[in-house]
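Here are my notes on this model. Please read them with the structure open beside you.

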Amino acid sequence: MRVLLIGANGYIGRFVADRLLADPAVQLTALGRGDDADVRFDLATGSPGALTRFLDAVHPGVVVNCAGATRGGARELTRHNTVAVATVCEALRRSGCGARLVQIGCGSEYGPSQPGSSTAEDAVPRPGGPYGVSKLAATELVLGSGLDAVVLRVFSPAGPGTPAGSPLGRLAEAMRRAMQSGDGELKLGGLGVQRDFVDVRDVARAVHAASLSAAQGVINIGSGRAVRLRDAAAVLARVAGYGGALHELDAPPGPLRGAIGHPRGESDHAAPVAYPYPDGCGSWQQADVRTARDRLGWRPRINLEESLADIWMEAACRI
């Protein structure tokens, strides 16, 4: 099976590439903006015609799109998450390769949900920010394209390679700094949210399974269990061997601002309030993952403690 992987250098894409390369039946070609891609192509600015000519030359059986942006203004997010996917869909429609498309979506497409509930694929999406809107628009383009396509809505990926600017990445960095300075107290904000964390290596397994399956439509990829960020912080402290006290900052009324880590020594009256979780999904999100089990034969294997241990190992290397 020849697979064209778009976005192989991204957080999820790197693990998808490793997973596909481990399958001897897969011939992998990487397309991206970096110098180390097999083919250099920018989806946000490249034309569908140019991509079509490449598809006709390579003739992949599966196209996996892991490319996209998680940060930036609405204009940048739309260009990298929506326009780019429109280019892929149009190129596949024009091409004679007949490739299957596996698109990486995200749980942010759903927006806020009722605490205690599990979000299934038939939930009405109501994204709470420009990132979720741009990803939902991409999903709608894929579903309306008429292609053999599946969208994997990945909830909150964690594990090795977690970006330093993500909530778990910031948490690990704040703890690293506290340990480096010998600080026995760590003040943290924004720990009340609950998210469905899924290890990025399990996400890669889901992409591999989706590439081999005939499943279409939207499929949630998550652990099926919401975890409070404050509980994740306690687990991280345990695996890191941090014996200091964790103090959660209260969020006074007013606009949300500030950061997850508040180093000791800054004046308390200037302490930042709780940091808003940046996905626009409110206080709670938990995936219903029965469809992934039934249609892909997929279940998460790696628990959050192992994911956090890998995040900490990378953070600790910066000491």
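How many bridges join strand S4 to strand S5, and which way do the two strands run?

1. Four bridges join S4 (residues 62–65) to S5 (residues 100–106), and the two strands run parallel. One example is Asn65, whose bridge partner in S5 is Gln103. Strands (E, at least two residues) and helices (H or I, at least four) are DSSP runs, numbered from the N terminus.

2. A word on the source. This is a predicted model: local features need pLDDT of at least 70, side-chain atom pairs count only at pLDDT 80 or more, and totals for chains, interfaces and linings use all residues. Residues are numbered from 1 along each chain as its sequence is written, and side-chain values use heavy atoms, with hydrogens and water left out.

3. Now the sheet. It is open, has seven strands in the order S3-S2-S1-S4-S5-S6-S11, and its pairing is parallel. Two strands pair if DSSP finds at least two bridges between them. S3 (39–40) and S11 (217–221) stand at the edges with a single partner strand each, so one side of each has no neighbour in the sheet.

4. Helices lie on this sheet. H1 (residues 11–21) lies across S1, S2, S4, S5 and S6, and runs at about 165° to S1. H4 (residues 130–143) touches S5, S6 and S11, and its direction makes about 160° with that of S5. Contact means heavy atoms within 4.5 Å. Axes are lines fitted to C-alpha atoms, for helices over the stretch in contact, and angles run from 0 to 180 degrees between N-to-C directions.

5. Next, H5 and H7. Their axes come within 11 Å and cross at roughly 45°. H5 and H7 are therefore oblique to each other (under 35 degrees is roughly parallel, over 145 roughly antiparallel, 65 to 115 roughly perpendicular, the rest oblique). The residues in contact divide into 12 nonpolar, no polar and no charged. Nonpolar means Ala, Val, Leu, Ile, Met, Phe, Trp, Tyr, Cys and Pro; charged means Asp, Glu, Lys and Arg; the others, Gly among them, are polar.

6. H7 (residues 229–240) also meets H9 (residues 304–316). Their axes come within 9 Å and cross at roughly 60°. That makes H7 oblique to H9. The contact includes Arg238 of H7 and Glu305 of H9.

7. Last, salt bridges (a side-chain nitrogen of Lys or Arg within 4 Å of a carboxyl oxygen of Asp or Glu). The structure holds 14. In one of them, the side chains of Glu173 and Arg177 meet at 3.0 Å, N to O. Glu173 and Arg177 are about one helical turn apart, because they are four residues apart in H5 (residues 167–180).
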